[in-house]
Amino acid sequence: MRAFDAAPEAQSELDPIAPPALARGRAIVITSGKGGVGKTTTTANVGAALAAAGKRVVLVDADVGLRNLDIVLGLESRVKYHLLDVLEEKVELDEALVRDKRSDNLMLLAAAQTREKEDVVTAAMKALIERLRERFDFVLIDCPAGIEMGFKNAVAGAGHAIIVCTPEVSAVRDADRVVGLLPSSWRPELIVNRLRPQMVRKGKMLSVEDVNAILRLPLLGVIADEPGVIVATNKGEPLALDPTSETGAAYRAIAAKLAGEEVAAPVVRVAPSNGLFGKLGALFGGRA
Amino acid sequence: MSGRRIVITSGKGGVGKTTTTANLGAALAKRGQKVVLVDTDIGLRNLDLVLGVEKRIVFDLVEVVEGRCQLRQALIRDKRLPSLSLLPAAQTRDKEAVSEAQMARVAEELATMADYVLFDCPAGIEHGFRNAVAGAREAIVVTTPEVSAIRDADRVVGKLTAAALPLRLIVNRVRPEMVKTGDMMSVEDVCEILQAELLGAVPEDEEVIDTTNRGEPIVLDENNRLAAIYDKIARRLGGEIVPFTNLSAPGLFGRLFTLWKAG
């Protein structure tokens, strides 16, 4: 079953020789199926890194009713209007966009907190993402957990997907399901999040290779698990802007790759594990 | 027999609903209670994996609702704990395949068969959430000591309160060393913000990742400190007064957050 038809992302838009006047930004949905694997953290950090590299970026929080992207960016007290206000034409787009504290290149369109995901009209969402692509180089859409209406609306206007997955059997299973629900013409890219190399070495966590043996997606990046992410989230300061943070550097490398730069493959200094892969392989080989 | 029907929910995903359901269910079963776990996350099921019974699924919740099998046929009995059973979710269907009324009927029937029926709720507050709540008479809200998880939990507490469901809180993945340095909210802070009664606090433990991947709930490992903690939660749920393990002292963080939330 596919949830919707392929959204168009004309090849010419990715063509570097296309005239700049016609260039539109890329609309990318950050999704996972499973919740709590780091979609919002990824959206904030990749967005901040792209903006710091001079790109014009808008982040769209599609998690109507359970918004969090404003907190992760530390912008919660500046949100006046939200996505549904714009979709329902109660305010102009410019009134609802919140400018980031740190970068003029970065904007947030917050989700409504007291409304339901079913209130979003898919066609209006698509039209809004189109409008945003005219003004920004990157439109990053932070998808809610699950595969219900909120997911469908988040994907509707996008032309590309980043799949965030942790090295856990349940997250891999959910990610695999989500890849199957995306338009078959897409080639989603993978970020493996919260890797603990020590645990992989001990055979107690899936390796990046284990995860991608199942998902088989182009690897966009690998982010290690570190308590600093929790602190940064609570403070509302994306790690991507911290020049001393290794995790920040990993996010900046992901941003550079998205912006089309040649970036060396992520270095993950661990040997592939063996113990857990059997279970994962068996699960996907012969599912009920 | 009319068992208790409890939904385990959170709003935010990935805070440990499924892990809590599996471990609390196993802890109750170890104490001799008859327990049925219901995976209501249709399309993204995972409770079967956490219990290690994924290869034994024959029928699922949707097939029960559609009358294609008997309820008893769909229940998978745990091999380690015979008084623990799972009603799995369908993997290739949508949440809309089951209505709230149908869910309530299944819950009614399960309550005649068990002391405890625990509903593992999907993330979010959409149709899947409403289904999971429809069959329940009480709720356990799972949250982590993170601003985003607490905000989502707050929204869910509001919805459960509106539905007149009594609820208690499990604060999951607490890192006492981070609480001490002021980098994480304390359990007391979280309870104060959410204005909810505490059922239990569970420390972060990386073993959980491994046991989840292997399909062995951590309470089955008697040597793990979490086994004792989940056992205490099971006893509290049964009405016993059990002192809380002290994971942290209250900090300033929560007070700031309360101010922020009010403002």
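Helices (H or I, at least four residues) and strands (E, at least two) are DSSP runs, numbered from the N terminus. This is a predicted model, in which local features need pLDDT of at least 70 and side-chain atom pairs count only at pLDDT 80 or more, while totals for chains, interfaces and linings use all residues. Residues are numbered from 1 along each chain as its sequence is written, and chains are lettered from A and ligands numbered from 1 in the order in which they are written.

**Stop 1: chain A as a whole**

Select chain A, whose secondary structure comes to 12 helices and eight strands. Of its 288 residues, 53% count as buried, a residue being buried if 20 or more other C-beta atoms lie within 10 Å of its own, exposed if 12 or fewer, and partly exposed in between, with C-beta atoms placed from the backbone. Two residues are in contact if their C-beta atoms, placed from the backbone, lie within 7 Å; among contacts in chain A between residues at least 6 apart in sequence, 79% join residues at least 24 apart.

**Stop 2: the sheet of chain A**

Now colour the strands of chain A, where eight of them form an open sheet of mixed pairing in the order β3-β4-β2-β5-β1-β6-β7-β8. Two strands pair if DSSP finds at least two bridges between them, and the edge strands, β3 (98-99) and β8 of chain A, each pair on one side only.

Select residues 106-109 of chain A next, which are strand β4, paired in the parallel sense over four bridges with strand β2 (residues 57-61) of chain A. Here A:V57 stands opposite A:L106, and A:L109 is the bridge partner of A:V60. Towards β3(A), β4(A) is joined by two bridges and runs antiparallel, with A:M107 as the bridge partner of A:R99; β3(A) and β4(A) form a hairpin with six residues between them. Show the side chains of β4(A) to see A:L106 and A:L108 point one way and A:M107 and A:L109 the other way, all of them buried.

**Stop 3: helices across the sheet of chain A**

Axes are lines fitted to C-alpha atoms, for helices over the stretch in contact, and angles run from 0 to 180 degrees between N-to-C directions.

**Stop 4: a helix pair and the loop after it**

Which residues of α7(A) meet α9(A)? Select 169-181 and 208-215 of chain A, the helices α7 and α9, which pack at an angle of about 35° with their axes 10 Å apart. In α7(A), A:V172, A:A175, A:D176 and A:V179 meet A:V211, A:I214 and A:L215 in α9(A).

Continue to A:R216, which lies in the loop between α9 and β8 (219-224) of chain A. A:R216 has a positive phi of about 50° although it is not a glycine, and it is exposed, with 10 other C-beta atoms within 10 Å. Most residues other than glycine have a negative phi.

**Stop 5**

Move to residues 187-194 of chain B, helix α9, whose buried residues are B:V187, B:D189, B:V190 and B:I193. These residues cover an arc of only 160° around the axis, which puts them on the same side of α9(B), the arc being that of the directions from the helix axis to the C-beta atoms. Just after α9(B) comes B:Q195, found in the loop between α9 and β8 (197-203) of chain B; B:Q195 has a positive phi of about 50° although it is not a glycine, and counts as exposed with 10 C-beta neighbours inside 10 Å.

**Stop 6: the sheet of chain B**

The sheet of chain B is open and mixed, with eight strands in the order β3-β4-β2-β5-β1-β6-β7-β8. Select β3 (76-77), which with β8 is an edge strand of chain B; two bridges join β3(B) to strand β4 (residues 84-87) of chain B, and the two run antiparallel, with B:I76 opposite B:L86.

**Stop 7: where the chains meet**

Finally show both chains, whose contact takes 34 residues from chain B and 39 residues from chain A. On the side of chain B that touches chain A, the elements that give two or more residues are α6 (127-134), α7 (147-162) and α10 (207-214) of chain B.
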